[in-house]
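Welcome, and please open the model in your viewer. We will walk through it one selection at a time.

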Amino acid sequence: MATQREEDAAEYLKKHRIIELLDNLSCMLFFHRPEKPREFLIEQLEQLKISQKTQLKGPNLFNSANLDAVFGILDPADQKYITFAQYKQALITLGIEDINECPEGVNEDKISHETFRTEAMQGLQRRSATYEQP
Amino acid sequence: MDETVKPLRIPPQMSVYADKHNIFHLLQSIRSHVILYSQSMLSGLVVEQPADPLSFLIALLQRSSTDIPRVLLLGPPAVGKHTMAQRLSADLRAVHVTLESLLSDQSELSAQARRVPPTEPLPVELLLRLVQRRLGEIDCFSRGWVLEGIPQTHLQALSLQQAGVLPEHVVMLEAPDDVLLERSRGKMVDPLTGDVYHRTFILPPDASVARRLEERRPAEPQRDTALQRFRREVPGLRSAYQSVLRVVNADQPHADVYQQVLAFVRTRRRSRIPRILLLGPPGSGKSLQARLLSEKYRMVDVCCEQMLRSVAAESSALGEEIHSYLDDGRLVPDSLVLQVLEERLGRVECSTRGWILHGFPRDLQQAKSLQEALQPNRVFFLELADDVCLERITLRATDPVSGERFHAVSHPAPSSEVQKRLQTRPEDSSHTVTHTLRQYRTHTAALQAVYPGAGVIDADQDPLGVFEALQSRLTAD
């Protein structure tokens, strides 16, 4: 039986998305491996604060060049479309949760490069918005 | 298992980086079962629950370091807490907080506390608020603190922890009752500074101080109750702080006690993932010790030879190559060994649980290449004289029927019937062993130069003794 304090703490963590925040920070740390980890973390947190205020994109490990590369791998014949199954698997691999199951083009099973990029960017944005959601 | 999924490899550089900057302590992984460090990010958030976590974290990271001292100094009356705490806080440049200092300021809280008769312990709520307030002040916040003689009971300890007052180190001084008695009989206090001296053991530095000294001998029944009360609370206090506690014997010369306390307080808490190298001549017990250590500490036991053999048994290109070397009885070239090693030690289980490697490196070149790629953080040399090595190995034999292994001296065959059947392995022949031994001896000096901080363990004792020695080196910082 969780005590009141434990429940309060769990709720706090969930509301402010603390675990996702620390996960993202750890990923950044281990990927970049800066000489001065504290300063690096402070920088990331400042950027996150700004993105929280302005609703602009927060810090993230993937950028649009990475997304283009992923699409290129999935579409080697350059048909400009990928299947829904490919689209979903790629988003899962990028670590995105609550994927949009009905993106544009799902009925023809042809997800365009544009659609893929938009959905991926939005998903990544949701992942990096590790602060209280209004 | 899905063959198309490649096994996850964590680059060893990540463990090295984490170790170097003590990342896990900083982040405080949620997988740890008890949150004890309020200075690290996650537990700070859980304890304080600030409305703006991002700003809170930034402020926490900006504080100069997580290494400010937070020490509790506990012990029975007359054991020497006051002197110790004073000296410690001076050396660490931390604030010295005593019960007296908490009671002696001008606030309403202190006045309330002073109204409590001295024979009774302070009510927990009151003590908690006094301590919290004092430790929250700017000097304690930035320089750290040494709390003397608080908490006194298990209940107080728990309340302090709940309120987020979490020391990094707890020192409990101990001495037998008769020593305490002796000390309390001769206790003298300087009323001006509060310094504690003793009529016989600790004399004041000069005559002017000596003239001021007052006897502070507590009445016998009071002293005995205080002592009894402390002894009753000891198990509770010890269990409350068990992971940060060190008990120090105060029945020694003051300088020795102080050195031990200071050394302990200076150790940083590290959650270190072991990357251990076990080196030594054949017969020194590397495989056995590696197995014992890996079983106890749940790290991965990597025997270089076995690893190569298992790769050789695979049908991969690398395996075939290695197989041809082993078949011909030639030494597998360093480049191949390192390749296999990096792959093996880069696996997830090795990165998370740690590893202990034996049978490699054997010479300077191998050691240097290993250092670049995998940087072990503990190295041990098992020392054993040549004749003992020879004896341990050449007298080994196996019973082909039961598969049991025996040793002519330490573990002889049970009957002469078994004795007759026994066979020795070609690699256990004295010729092979002497050769390997000579190889080891030529390279030892070079290896020891690569690992100057390595521990040297005497392997000429029973395995349990060696194991104890290894363990104590491992757990010391």
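Helices (H or I, at least four residues) and strands (E, at least two) are DSSP runs, numbered from the N terminus. The model is a predicted one, in which local features need pLDDT of at least 70 and side-chain atom pairs count only at pLDDT 80 or more, while totals for chains, interfaces and linings use all residues. Residues are numbered from 1 along each chain as its sequence is written, chains are lettered from A and ligands numbered from 1 in the order in which they are written, and side-chain values use heavy atoms, with hydrogens and water left out.

**Stop 1: where the chains meet**

Colour the two chains separately. The contact takes 27 residues from chain A and 30 residues from chain B. The size of an interface is often given as the accessible area lost when the parts come together. Here buried area is the accessible area (1.4 Å probe) that two parts lose on being put together, summed over both. Chain A and chain B bury about 2,600 Å² between them, and 72% of that is on carbon and sulfur atoms. Now select Tyr17(B), Leu54(B) and Leu61(B): they supply 25% of the area that chain B buries against chain A, more than any other three residues.

**Stop 2: helix pairs in chain B**

Select helix H5 (residues 81-92) and helix H14 (residues 254-266) of chain B; their axes come within 11 Å and cross at roughly 50 degrees. Axes are lines fitted to C-alpha atoms, for helices over the stretch in contact, and angles run from 0 to 180 degrees between N-to-C directions. Angles under 35 degrees count as roughly parallel, over 145 as roughly antiparallel, 65 to 115 as roughly perpendicular and the rest as oblique. H5(B) and H14(B) are therefore oblique to each other.

Which way do H5(B) and H14(B) cross, left-handed or right-handed? Their crossing is right-handed. (A crossing is left-handed if the near helix is turned anticlockwise from the far one by less than a right angle, and right-handed if clockwise.) Show side chains to see who meets whom: the H5(B) residues are Thr83(B), Met84(B), Arg87(B), Leu88(B), Asp91(B) and Leu92(B), and the H14(B) residues are His254(B), Val257(B), Tyr258(B), Val261(B), Leu262(B), Val265(B) and Arg266(B). By class, this contact of H5(B) with H14(B) has 8 nonpolar, 2 polar and 3 charged residues. In this count Ala, Val, Leu, Ile, Met, Phe, Trp, Tyr, Cys and Pro are nonpolar, Asp, Glu, Lys and Arg are charged, and the others, Gly among them, are polar.

Next, select helix H8 (residues 124-136) and helix H10 (residues 154-162) of chain B, which pack at an angle of about 45 degrees with their axes 10 Å apart. That makes H8(B) oblique to H10(B), and the crossing is right-handed. From H8(B), Val124(B), Leu127(B), Leu128(B) and Val131(B) meet Leu155(B), Gln156(B), Ser159(B) and Leu160(B) of H10(B). The residues of this contact divide into 6 nonpolar, 2 polar and no charged.

**Stop 3: a parallel sheet**

Turn to the open sheet of 5 strands in chain B, ordered S10-S11-S9-S12-S15, with parallel pairing. Two strands pair if DSSP finds at least two bridges between them. At the edges are strand S10 (300-303) and strand S15 (455-458) of chain B, each pairing on one side only. Inspect strand S9 (residues 275-279) and strand S12 (residues 378-383) of chain B, which pair over 4 bridges; Ile276(B) stands opposite Arg378(B) in S12(B).

**Stop 4: an antiparallel sheet**

The open sheet of 3 strands in chain B has the order S6-S5-S7 and antiparallel pairing. Strand S6 (196-198) and strand S7 (214-215) of chain B each have a single partner strand, so one side of each is left without a neighbour in the sheet. Look for Val189(B), opposite Glu214(B) in S7(B).

**Stop 5: backbone details**

Zoom in on Ile150(B) and Pro151(B), joined by a cis peptide bond with omega about 0 degrees. Pro151(B) is in the loop between strand S3 (145-148) and H10 of chain B. The bond from Phe360(B) to Pro361(B) is also cis, with omega near -5 degrees.

Finish in chain A at Asp98(A), which has a positive phi of about 30 degrees although it is not a glycine. Asp98(A) sits in the loop between helix H5 (84-93) and strand S2 (111-112) of chain A.

How values were computed
Contact = heavy atoms within 4.5 Å.
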